[in-house]
Amino acid sequence: MKSNTADSFSYYRHLLTETALPGQEAAWLASLRQREFDRFLQNGFPSRKQEDWKYTSTAALANTAFEINLQTQPLDKNRYEKTNPFIRLEYHTMVFVNGIFNKTLSHLDNLPKGVVLKEIIQAILSNEISSEAQFENNAHRGKPSCHGFSTLNIALMQSGFYLAVPENCTIEKPIHVMYIACDTPYEAHLHNHIVMEKGSHAHLIEHYIGLDKMSYFNNVISDIFLKEEALLNHCKITAESEDAFHIATTRTTQGRSSTFKSYSFASGGKLIRSDTHTLLKEKESEALLQGVFIAKNQQHIDHHTYIEHASEHTRSREWYKGIAHDKGRGVFNGRVRVEKGAIGTSAEQRSNNLLLSREAEIDTKPELEIFNDDVRCAHGATVGYLDEEALFYCATRGIPLKEARFLLTFAFVKEVVDTLENPHLRSILMYIMQSVLEDQIQC
Amino acid sequence: MIEIRGLEAAIGEKPILKGIDLTIKAGEIHAIMGPNGSGKSTLSKILAGHPDYTVTGGSIRYQGIDLLTLPADQRAQQGIFLAFQYPVEIPGVSNIYLLKAALNAKRRAQGLAEIDAFDFMQLIKAKLALVQMDEKFLHRAVNAGFSGGEKKRNEILQMALLEPTLAILDETDSGLDIDALKIVAQGVNSLHSKDNAILLITHYQRLLDYIIPDHVHILSNGKIIRSGDASLATLLETKGYAGIIQ
Ligand SMILES: Nc1ncnc2c1ncn2[C@@H]1O[C@H](COP(=O)(O)OP(=O)(O)O)[C@@H](O)[C@H]1O
Ligand SMILES: [Mg+2]
């Protein structure tokens with residue numbers, strides 16, 4: 001990618017026409033890629049003139065040249081094991097390095113019968129995803145989750161994973177998918193496709209982690225389909241290298257009485273945009289969205305959520321906490337739409353933000369669009385500094401200022417981490433958040 | 001132990017303490033009484049090192065050092081303890097975490113190793129018994145959702161753990177029912193020794209029935225207007241502040 005001009009898109013066009021991209025044997029995919037690319041050419045990257053991108057400039061990203069990596073990238077086993085905080089727990093693990101699936105490092109042997117978890121292009125070539133209709137998340141078409149990056153994602157999709165959990169199947173151990181960036185800069189268009197059949201339960205950790213100081217770009221779509229009474233615990237950990245770009249959209253379509261529990265923990269990166277859009281399509285479906293972001297130096301971390309209550313007795317609850325330090329910049333934008341027929345709906349949203357320096361900035365904005373009266377909606381947003389009286393209280397107990405600041409900041413984050421149900425995941429995330437914060441509070 | 005000379009202090013431009021002289025020796029209990037707004041909490045916060053108050057005159061020597069040059073955390077590590085009139089709530093930080101961090105900060109300042117988890121539990125259980133607090137309070141967030149009385153007892157628990165050289169108790173009695181008051185008073189009395197000193201700040205004489213002071217001072221409008229022994233408190237009880245200040 002070079003810049004937002006026709007000339008620089010020739011690199012992408014070249015990739016498409018040379019059939020260098022994988023999976024082109026599937027005619028429907030080749031044709032879909034072409035159409036998505038045409039759509040991309042029409043609109044380009046999102047600009048700040050668009051309401052949804054008002055706070056986040058993609059200019060720096062559009063002006064950085066990357067190459068799409070299509071080759072297997074070696075990663076030393078020792079280095080990998082040090083990188084994976086879950087290694088001892090022996091979760092079902094899929095490892096991608098610089099956007100390419102690494103079979104040797106993955107651990108997929110003990111999945112319950114009937115569960116399919118594989119690289120997405122392989123799933124297409126083996127007809128597990130056999131048509132455009134099956135692939136596309138049509139319910140989200142024309143919505144804010146369709147933008148320049150998402151069209152480009154499909155046009156250039158090089159990898160990702162496909163997970164299908166059959167009816168009434170419960171996967172006890174979490175599935176951990178790691179996207180590791182190391183050694184060489186690259187651009188990756190990663191596409192994940194998750195289908196939870198009726199009554200199935202799973203726990204999924206999507207984990208993005210950068211090991212080296214370098215600039216790279218992960219452009220991610222995760223399409224999630226929850227059928228009746230399905231339950232998905234979805235934890236996204238974004239821990240990219242400081243100079244990385246990360247644009248990700250999770251788009252969920254929910255069936256009757258399904259539950260989507262989403263956790264997003266974001267730190268690192270030069271620019272992180274992590275969106276969660278969920279459509280409560282059928283009645284009594286429920287979405288619980290939690291998130292924590294920590295932006296420091298010149299980092300920019302933007303979470304947009306969009307919850308559509310399209311049916312009766314649907315519930316949503318959101319709780320996001322943001323921290324900005326140095327010249328860090330955070331954004332939380334929580335849009336909730338309640339359709340006319342969605343009676344008996346409840347929607348709750350909390351956004352609490354903490355500024356650790358005078359130059360840091362966080363913008364938080366609820367957007368409620370409510371088209372019926374039978375709704376319980378509540379939202380609250382706060383932005384503030386550490387409580388000086390609490391710091392003084394700690395000081396009078398002998399606790400040095402630096403330690404007190406850490407203590408209070410960690411406590412702020414911990415409240416959200418505590419909502420994770422899996423105790424292992426909780427303690428690992430505590431540990432991750434703790435190291436991010438320790439690294440951060442040096443005053 | 002501590003010598004306060006001609007202490008004047010302001011918050012912003014507003015003068016609050018207008019020349020305070022007070023000397024406390026090891027082993028003594030002093031009480032400061034005074035009407036609302038007379039500057040009692042201001043004095044206690046200045047002793048503890050609150051950054052919002054400006055000392056505009058006078059000096060404080062504590063164990064031979066110039067106290068005003070030390071930041072609050074170092075004062076605490078040197079044995080000064082303030083039980084707050086309004087203890088601060090810290091959501092998300094468990095009581096036990098704070099207690100342990102506080103004890104370890106003090107131990108580090110004394111050149112001691114951090115306490116191990118088992119020894120700490122033994123120690124804190126003994127201290128809980130002293131103030132008759134249930135162990136479950138250890139795992140609750142610091143003061144968050146505590147009743148007024150629980151907060152005050154929690155302050156004394158911290159005091160018991162940290163074993164201060166100079167403890168300043170700012171209206172620890174207010175908001176306590178008579179049973180809680182007795183428990184707190186017993187706790188404080190049992191922590192008192194010939195090597196430490198206690199400065200009790202109170203609005204009412206009631207507490208002084210249970211903790212007998214060696215000296216009583218009456219603070220009015222930023223000045224100590226009268227000092228005496230425990231009988232001064234009784235006099236105050238019969239005459240009221242107005243009768244003594246006139
Ligand atoms: N943060 C503050 N800002 C402005 N005035 C204050 C502040 N704190 C205390 N004061 C004023 O200082 C005076 C003494 O207050 P304080 O020391 O709390 O009195 P006491 O504890 O004896 O009731 C009062 O007039 C009070 O209004
Ligand atoms: Mg007071």
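Predicted model: local features only at pLDDT ≥ 70, side-chain atom pairs only at ≥ 80, totals over all residues.
Visitor: Why is Arg13(A) called partly exposed?

Guide: The relative accessibility of Arg13(A) is 39%, and since buried means under 20% and exposed means over 50%, with partly exposed in between, Arg13(A) counts as partly exposed.

Visitor: How far apart in space are Arg13(A) and Gly268(A), which are 255 residues apart in sequence?

Guide: From C-alpha to C-alpha, Arg13(A) and Gly268(A) are 31 Å apart in space.

Visitor: What makes Tyr91(A) count as buried, and where does Tyr91(A) lie?

Guide: Tyr91(A) lies in the loop between α4 (77-83) and β1 (92-97) of chain A, and its relative accessibility is 4%; because buried means under 20%, Tyr91(A) counts as buried. Tyr91(A) and Pro174(A) are 83 residues apart in sequence, while their C-alpha atoms are 5.7 Å apart in space.

Visitor: Why is Asn372(A) called buried?

Guide: The relative accessible area of Asn372(A) is 12%, and because the label needs a value under 20%, Asn372(A) is buried. The place of this residue is the loop between β18 (361-370) and β19 (375-385) of chain A.

Visitor: What makes the approach of the side chain of Asn372(A) to Asp374(A) a polar contact?

Guide: The side chain of Asn372(A) reaches the backbone nitrogen of Asp374(A) at 2.8 Å, and a polar contact asks for a pair of N or O atoms within 3.5 Å, one able to donate a hydrogen and the other to accept it. A polar atom of the side chain of Asn372(A) also lies 3.0 Å from the backbone oxygen of Ala342(A).

Visitor: Is Asn143(B) buried or exposed?

Guide: Asn143(B) has a relative accessibility of 0%, and because buried means under 20%, Asn143(B) counts as buried. Asn143(B) sits in the loop between β8 (141-142) and α5 (148-162) of chain B, and has a positive phi of about 60 degrees although it is not a glycine.

Visitor: How do you know that chain B is as compact as a globular protein of its length?

Guide: Chain B has 7 helices and 12 strands. The radius of gyration of chain B is 18 Å, which is close to the 18 Å that the globule rule gives for 246 residues, so chain B is as compact as a globular protein of that length. Along its principal axes the C-alpha trace of chain B spans about 55 × 40 × 35 Å, and 52% of its 246 residues count as buried.

Visitor: Which atoms coordinate the magnesium ion?

Guide: The magnesium ion, ligand 2, is coordinated by OG of Ser41(B) and OE1 of Gln85(B), at 2.1 to 2.2 Å, and donors are counted when they lie within 2.8 Å of a metal such as this one.

Visitor: Why can this pair be said to tie together separate parts of chain B?

Guide: Ser41(B) lies in helix α1 of chain B, whereas Gln85(B) lies in the loop between β6 (80-83) and β7 (90-94), so the pair ties together parts that are 44 residues apart in sequence. With buried meaning under 20%, Ser41(B) at 22% relative accessibility counts as partly exposed, while Gln85(B) at 16% counts as buried.

Visitor: Which backbone atoms lie 2.9 Å from an oxygen atom of ligand 1?

Guide: A backbone N or O atom of Lys40(B) lies 2.9 Å from an oxygen atom of ligand 1, and a backbone N or O atom of Ser41(B) lies 2.9 Å from an oxygen atom of ligand 1 as well. The protein covers 62% of the 560 Å² of accessible area that ligand 1 has on its own.

Definitions and conventions. Residues numbered from 1 in each chain as written. Chains lettered and ligands numbered in written order. Heavy atoms only, no water. Areas by Shrake-Rupley, 256 points an atom, 1.4 Å probe, with all protein chains shown as cover. Donors = N, O, S within 2.8 Å, 3.2 Å for Na, K, Ca; no water. Helix = DSSP H or I, 4+ residues; strand = E, 2+ residues; numbered from the N terminus. Buried < 20%, exposed > 50% of the residue type's maximum accessible area, 1.4 Å probe, protein only. Rg over C-alpha atoms; globule rule 2.2 N^0.38 Å.
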